[in-house]
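Open the model in your viewer and keep the selection tool ready. We will go stop by stop.

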Amino acid sequence: MLTLLFDGIAYGMLLFVLAVGLAVTMGLMNFINLAHGAFAMAGGYVTVLLMNRLGVPFLATLPLAFVFTALVGALLERTLYRPMYARPHLDQVLFSLGLVFMTVTAVDYFIGSQQQMISVPSYLQGRFDLAAVGIGKYRLFIIVICGLLTLALQMVLSRTRFGSRLRAAVDDPRVAQGLGINVNQVFLLTFAVGSGLAGLGGALGAEVLGLDPTFPLKFMVYFLIVVSVGGTTTITGPLLAALLLGIADVMGKYYAPKLGAFIVYTLMIVILTLRPQGLFGHKGASK
Amino acid sequence: MSAVQTSLRANAAWRWWEIALGVAAVASYFLAGNHALLLNEIAILALFALSLDLILGYAGIVSLGHAAFFGFGAYTAALFAKLVMPDPLVGLVVAIVASAALGALCSVLVLRGSDLTRLMVTLGVAAVLYELANKLDWLTGGADGLQGVVMGPLLGQFEFDLYGRTAYAYSLVVLALAVVIARRVVHSPFGISLKALRDNRLRATSIGLSVNARLAAVYTLAAALAGAAGALIAQTSGFASLDGLDFHRSADVLLVLVIGGTGYLYGGIFGAIAFKVLHDLVSAWTPQYWTFWLGLFLVILVMVGRDRLIRPWTWRKKR
């Protein structure tokens, strides 16, 4: 029981790191980006390819996955995404869906459609018991890394000048612009970091979630659930939503395998019907 | 008659190209030859896209789960034929009524929240139905699909043949009826009020339109038409499967509608023709990777502006 809870938390933390970039960019620019999973997949493939083809150690690939996807994210933001911000939501949905289709088939073409295997180093394998709770070492590793990241993000957002600029831009981009904040630059940076985090999450999660070219489509719904249920105005909202989703999913699969993902989707519909702004969201200034 | 009334009347008049389209549809039946099966699929896809146009083009609801009603209609028609009676017309009516009921039920869910919330809820409903159809395998056949559906002859006379000629005529008639009904609806005061609340919900409310009741009504109608499309595919192929509820369906139909253009009823028909022809050509050339070109097409479509792609004469003008 507690072991399941532990696994659920690890899964939830992973989902949070994967989706937090999406939450911030969606809140900032009111942009519906279905292609977020593609960045996560890119990070996963960076790790897998570096490990399996070049023999780079696992831990060293993680920062590389982050940097690579952040750069790709920045490049795409500057070239493709920026003209899309002012468009209607339908355009954004179509555009990002097109990107997903392209990445899925491109990865299939260049790397192959098979499931990618990843072997985490031996000191992260296996599990130990702590007060009758079985704890997987790799899961613990995920929780620690993601927890540290969450703390760091929270610090950056609440304590630094960049954080306050970002929050100002999320609350009301026009007023923020009027106060001399370069909203475009803030957004470029946020998008890059968000993509990088997704990449890191994809790299960390390759062993847990599996990695194959359909990854962006398979997990798109999960990221969107985290964002829409958690709300886009805070960082704690998506965190709690991700944990809830992770625990519900793991528990649901264990106790009622016949129902499958049914529980998760029903839960989401109920929550969104009762609280359309998300569980922890409040109405933004001018959305 | 006031000037406004006159202009609304003029908008609602039948155009020459609408009549030409009707003639072309009748002619296509006689010229179909070996392509009747493909044409049948096109007609059904057009009906499906038409139903999405009602909620997307006219009411402005972005849905990523419209396949829910398509698949539901398909399963209803197939189950009805298998368990109750094989008459296609009765089955069609039953499927339409059932889908409309489901649509009315779900319409409560799409009334609130932002575009993102609505997107997620429509997606969620389709996903829930998918999981249900997958797990209730004693009823639906699960992942193998619902097999062993035998359809009776249409009107008691016309058997569904192997070449799809009866099927095509059947789908075409249903599509034509749906177009006439939808046309009547969007040119009615009700349809015009839908456009008003699509363009500005706040103002529509303040001139006294009951937004929620109208959205619920059009969502129900769209669900009924999507259910009819699903029933047609199940009846003409004698098969219903999970594929009908899949996310791919919802995305495809959105694309079909966008290719043809939203908000003028015929977008679904032109889009369905273009989509199927494109699909046949590209997937004959590169079967495994055709979604890449689909994605590229989508990105370019949005970059160029989807209103302009179907109007080549605007390409050279600055926006």
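Which helices do the buried residues of H3(A) pack against? They pack against H2 and helix H8 (183-209) of chain A. Helices here are DSSP runs (H or I, at least four residues), numbered from the N terminus. A residue is buried if 20 or more other C-beta atoms lie within 10 Å of its own, exposed if 12 or fewer, and partly exposed in between, with C-beta atoms placed from the backbone.

Before moving on, some ground rules. This is a predicted model, where local features need pLDDT of at least 70, side-chain atom pairs count only at pLDDT 80 or more, and totals for chains, interfaces and linings use all residues. Residues are numbered from 1 along each chain as its sequence is written, while chains are lettered from A and ligands numbered from 1 in the order in which they are written.

**Stop 1: helix H3 of chain A.** Select residues 58-81 of chain A. The buried residues in H3(A) include A:Phe66, A:Phe68, A:Gly73, A:Glu77 and A:Tyr81.

**Stop 2: H2 against H9.** Now select H2(A), residues 36-54, together with H9(A). Their axes are 8 Å apart, and the helices pack at about 125°. Axes are lines fitted to C-alpha atoms, for helices over the stretch in contact, and angles run from 0 to 180 degrees between N-to-C directions. That angle makes H2(A) oblique to H9(A). Angles under 35 degrees count as roughly parallel, over 145 as roughly antiparallel, 65 to 115 as roughly perpendicular, and the rest as oblique. The crossing of H2(A) and H9(A) is right-handed. A crossing is right-handed if the near helix is turned clockwise from the far one by less than a right angle, and left-handed if anticlockwise.

Show the side chains. Among the residues of H2(A) that meet H9(A) are A:Met41 and A:Gly44; among their partners in H9(A) are A:Phe219 and A:Phe223. Two residues are in contact if their C-beta atoms, placed from the backbone, lie within 7 Å. This contact divides into eight nonpolar, three polar and no charged residues. Ala, Val, Leu, Ile, Met, Phe, Trp, Tyr, Cys and Pro count as nonpolar, Asp, Glu, Lys and Arg as charged, and the others, Gly among them, as polar.

**Stop 3: H9 beside H11.** A:Ile225, A:Ser228 and A:Val229 in H9(A) meet A:Met268, A:Ile271 and A:Leu272 in H11(A).

**Stop 4: the core.** Select A:Ala19, A:Val226, B:Leu47 and B:Ala228. Of the 197 residues in the largest nonpolar core, these touch the most other members. A nonpolar core is a set of buried Ala, Val, Leu, Ile, Met, Phe, Trp, Tyr and Cys residues joined through C-beta atoms within 7 Å. Helix H1 (residues 2-29) of chain A gives the largest share, 18 residues.

**Stop 5: where the chains meet.** Colour by chain. The contact takes 34 residues from chain A and 30 residues from chain B. On the side of chain A that touches chain B, H4(A) gives the most, with 16 residues. That side divides into 24 nonpolar, seven polar and three charged residues.

**Stop 6: a loop in chain B.** Finish at B:Gly263, in the loop between helix H12 (247-260) and helix H13 (267-285) of chain B. Is B:Gly263 buried or partly exposed? B:Gly263 counts as partly exposed because it has 16 C-beta neighbours inside 10 Å. Leaving aside neighbours within four places in sequence, B:Gly263 is in contact with B:Asp53, B:Gly57 and B:Tyr58.

Technical notes: Helices (H or I, at least four residues) and strands (E, at least two) are DSSP runs, numbered from the N terminus.
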